[in-house]
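Subject: Structure for you to look through

Hello,

Please find the structure below, with some notes on what was found in it. Keep it open while you read.

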Amino acid sequence: MSFNNKTALELGQMIKNREISSVELTRAFIDNIEKTDKDINAFITVDAEGALKTAEDVQARIDAGEHLSALAGVPMAIKDNICTKGMLTSCGSKMLYNFKPPYNATVADRLYSAGAVVLGKLNMDEFAMGGSTETSYFGAARNPWDTERVTGGSSGGSAASVASGEAVYSLGSDTGGSIRQPCSFCGVSGIKPTYGAVSRYGLVAFASSLDQIGPIGRDIKDCAQVLSIISGHDAKDSTSIKTASLDFGGCFEGDIKGMTIGVPVNYFGDGLDEDVKEPVLKAIDTFKSLGANITELEIKITDYAIPTYYVLACAEASSNLSRYDGIKYGYRRKDCENLLDVYYTSRSDAFGMEVKRRIMLGSFVLSSGYYDAYYNKALKVRRLIKNSFDDAFEKCDMIISPVAPTVAYKIGENSSDPLKMYLGDIYTVSVNLAGIPGVSIPCGFGANNMPVGMQLIGKSFSEPKLVKAAAAFQNATDFHKMQNKYMKGGRA
Amino acid sequence: MNYQTVVGLEVHVELATKTKIFCGCTTEFGGEPNTHVCPVCSGMPGVLPVLNKKVVEYAVRAGLALNCDITRVNKFDRKNYFYPDLPKAYQVSQLYLPICRNGKVEIEVDGVKKYIGIHEIHMEEDAGKLVHDPWDDCTLVDYNRCGVPLLEIVSEPDFRSADEVTAYLTKLRDILMYLGVSDCKMQEGSMRADVNISVMPVGSSKLGTRTELKNMNSFKAIYRAINYESARQTELLENGGKVIQETRRWDANKDATFAMRSKENAQDYRYFPEPDLLPVEISEEWIENTKNTMPELPEAKRARYVSEYGLSEYDAGVLTSDRDIARVFEGVVAKGGSPREACNMVTGEMMKLMSETSTLPEELNIDAGKIAALIKMVADGKINRNTAKDVFAEVFRYGADPVRYVEENGLGMLNDISLVESTIDDVIASNPKSIEDYKNGKEKAFGFLVGQTMKTLNGRADPQTVNDILKKKLQ
């Protein structure tokens, strides 16, 4: 039986109906990973033994009549910057090549309780810094639609594993677009939740005030289901908002008549490839035909989003990554002369170029004499960006935009030009700066038949509304059902 | 030219909370290395801090006691630097919005009172400890102390002598211990100070270049170090030299300070707001509640003992020198002991026994009701004062019940006057030499005869009665 055209919710239902067992399904996906991942490199760790054991446990509990969740027994995988007890959590870095956390991230705990079967840990840009998964110490992940091309990043392994049929759904993290952009590049769906909606406890920090964990799946309903499991207040994360988990009841049916969708015209100007612009404009037409009101607006201040983002994200990263000093865990250079030598050589050896670049940038903007000119100013601009979104949401329910200015490019094509790479984040970073949610779903194909995604942005905790619009779109279109050769040929 | 010493202090006190500032680990001192740790305080990847509210409460209490303004919206900042005892490579502290500002403390030296300004008090986390292992010639890290909450109390450079510094530290320690916010045990490092010292010409208002002594943990060392450092700087300047701004180390064995190899002045801590913690808002109501539940501070207590109980300034000072001694005294008074007698017992017998048995005030485990009962027995003429002292020792050492103890050991005062009289007659009869001496004007002989009588009566007679009868019989 092929499970590749099935969503996580459908597979969960099949397990519940005894049409298939979790063990059977898990084994099929492990076989699939073995066959496919040499091409895709989506996984850093495959825990076949652990996954099968979990599947057996979960199946036994289901057989005993326990209701764990709608996704119980469905195999999935987790980005390698989310701590899993006893399982390598490398962050795609040589620095943590041997780090096995002594604890589970809150999201991992919640997934385990819901009966998730964790197949393993997913490839990513080193410490989530990058937009292509090329900066991983474990080698670049490859796009299932064209293995010469990047998956996007930093959650490249998370998107590629779902797109290639190696996992039914996955968790990623999004600091400046790291869930949404690889979803666009790989033709899958994903949600970057409101800041504070999902606990960050156990997510290895890149930029603490921007990071959020979110789901990636075959369609938006799967994502919503996962989000309802992992969201909700967590006492271990002070920035987690004191609210119940997100509820998507009633979001998958009904129409979107009367909903107002804003189109920021300045997002569709220079720098956006025509082959990306066209499917997004068509998606706007689809929404119109579904009964939504379309209104044009401008969010000018987001022109400053990229410099603001890189100042703040790098500043926080420079501090967050200081703990990797070769003393307590992870990589340490042997035969050092003295303490400083341990610090210098261990960090020089084990961090990649992009990470070093950002640590230097961040240290610079926090230095005395530069703090006000860069860090403090960026904080002020961040506030203005938040305000301009607030203003926009006075006029509309949500905003539609491209996710990235291009389709997935060739591996190596941009890696020598960090500035060009940073500009690829233009449509996504301001959402993180404003702390609001963004959804990324497939809306067509661009040059070289590579997938193109669109982004729906709403105000804080408007995920149900965004999901409703995205579900209406997916009910009316088939872009999310398109299959690449790995999906088609997958054994699972 | 004469030079004036100028000192400013940064005092670190560990707060007496049960758990650490950002996790649930115990703050208990000691413990095998790295047993009071969890992923949070050992800085594992992915962990997040959750603020212990008790820390804020204690900080507000200390701030109010030190006459500070309380900051309503508090933020934490990260202080970034690399050191193996700091597992996150940053210390969560407060730079931009410390919880308390603009306080003052009154001190008195040689009868002269003055105020020392408190610039600010901020909350922060402690670091771990490095332990050198001489056997393997390596350095080990113990993270038990990591995340123990600290208050850093920064004074203005208002001190003009080592005596003023000692007076301030003593007062600060008394206040903080009374508030119950810290046990201020210097030997365990729960109170330590960074001392900034400079000198300037007398009459000048321009501060000289300062040097800093870090992590000083004894009042005596601080006192000696200030005097040494002030003399060193004065001599330097008098010989046309210049003081270099640097961190110096106090060597107690050599009784001198030495420059440390340190680039610290060039260090940039790259402070920025801690993104993992939300701002802490302190409401008016919270401040009012704290004010209303503040324990009485030593100064107020002392004044009250003088006005309410009629004790001398000196006695009141001794009783309030420690929170636990005052606690025993007040307990005795509450149980009906007269304040005068309670004071005598506590400052006399009790403190003597404490020093004999090396008992610390916080270890005092004596029932105030029993002391009150003892005082009552003396007042009622049931036992005499000498007996009371012996009974007190029994109460102190073994928790004896004084009434029962007196009864069981037959220590009650004799009411049988005829027995006293016949005993005196025996003593007179068997000591003719002393009688003669007494009649020849040797007052000492009288005392001897009283002593002999008391001894024969096992000390149970009222010495005054013995005196009176003996005098009458010898006339």
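**Where the two chains meet**

Between chain A and chain B there are 16 residue pairs in polar contact, with both residues at pLDDT 80 or more. A polar contact is a pair of N or O atoms within 3.5 Å; within protein, one must be able to donate a hydrogen and the other to accept it, and residues adjacent in sequence count only if both atoms are side-chain atoms. On chain A, the helices α9 (305–320), α10 (339–350) and α11 (353–366) each supply at least two residues of the side that touches chain B. Helices (H or I, at least four residues) and strands (E, at least two) are DSSP runs, numbered from the N terminus. With five residues, α9(A) gives the most to that side of chain A. The residues there divide into 19 nonpolar, 12 polar and eight charged. Here Ala, Val, Leu, Ile, Met, Phe, Trp, Tyr, Cys and Pro count as nonpolar, Asp, Glu, Lys and Arg as charged, and the others, Gly among them, as polar.

Before going on, some ground rules. This is a predicted model, in which local features need pLDDT of at least 70 and side-chain atom pairs count only at pLDDT 80 or more, while totals for chains, interfaces and linings use all residues. Residues are numbered from 1 along each chain as its sequence is written, chains are lettered from A and ligands numbered from 1 in the order in which they are written, and side-chain values use heavy atoms, with hydrogens and water left out.

The contact (heavy atoms within 4.5 Å) takes 39 residues from chain A and 31 residues from chain B. The size of an interface is often given as the accessible area lost when the parts come together. Here the two chains bury about 2,800 Å² between them, 59% of it on carbon and sulfur atoms. Buried area is the accessible area (1.4 Å probe) that two parts lose on being put together, summed over both. S238(A), S319(A) and R323(A) supply 22% of the area that chain A buries against chain B, more than any other three residues.

**Salt bridges**

A salt bridge is a side-chain nitrogen of Lys or Arg within 4 Å of a carboxyl oxygen of Asp or Glu. The structure holds 52 salt bridges over all chains, and the count between chain A and chain B is one. Which residues form that bridge between the chains? R200(A) pairs with D276(B), the closest N and O atoms being 3.0 Å apart. R200(A) lies in the loop between β5 (189–192) and β6 (212–217) of chain A, and D276(B) in the loop between β15 (272–273) and β16 (280–281) of chain B. Are these two residues buried or exposed? R200(A) counts as buried because its relative accessibility is 2%, and D276(B) counts as buried because its relative accessibility is 3%. Buried means under 20% relative accessible area, exposed over 50%, and partly exposed in between (1.4 Å probe, protein chains only).

Within chain B, K254(B) forms a salt bridge with D251(B), the closest N and O atoms being 3.8 Å apart. K254(B) is exposed at 58%, whereas D251(B) is buried at 12%. Salt bridges that share partners also join E296(B), K301(B), R304(B), E308(B) and E330(B) into one network.

**Strand β3 of chain A**

Six of the six residues of β3(A) (residues 117–122) are buried. β3(A) pairs with β1(A) (residues 43–46) in the antiparallel sense over three bridges, and F43(A) has L122(A) as its bridge partner. β3(A) also pairs with β2(A) (residues 75–79), in the parallel sense over four bridges, with I78(A) opposite K121(A). Two strands pair if DSSP finds at least two bridges between them.

**Backbone details**

Most residues other than glycine have a negative phi, and most peptide bonds are trans. A cis peptide bond joins G153(A) and S154(A), with omega about 10 degrees. N449(A), not a glycine, has a positive phi of about 55 degrees and sits in the loop between β10 (438–445) and β11 (451–457) of chain A. D110(B), not a glycine either, has a positive phi of about 50 degrees.

Regards
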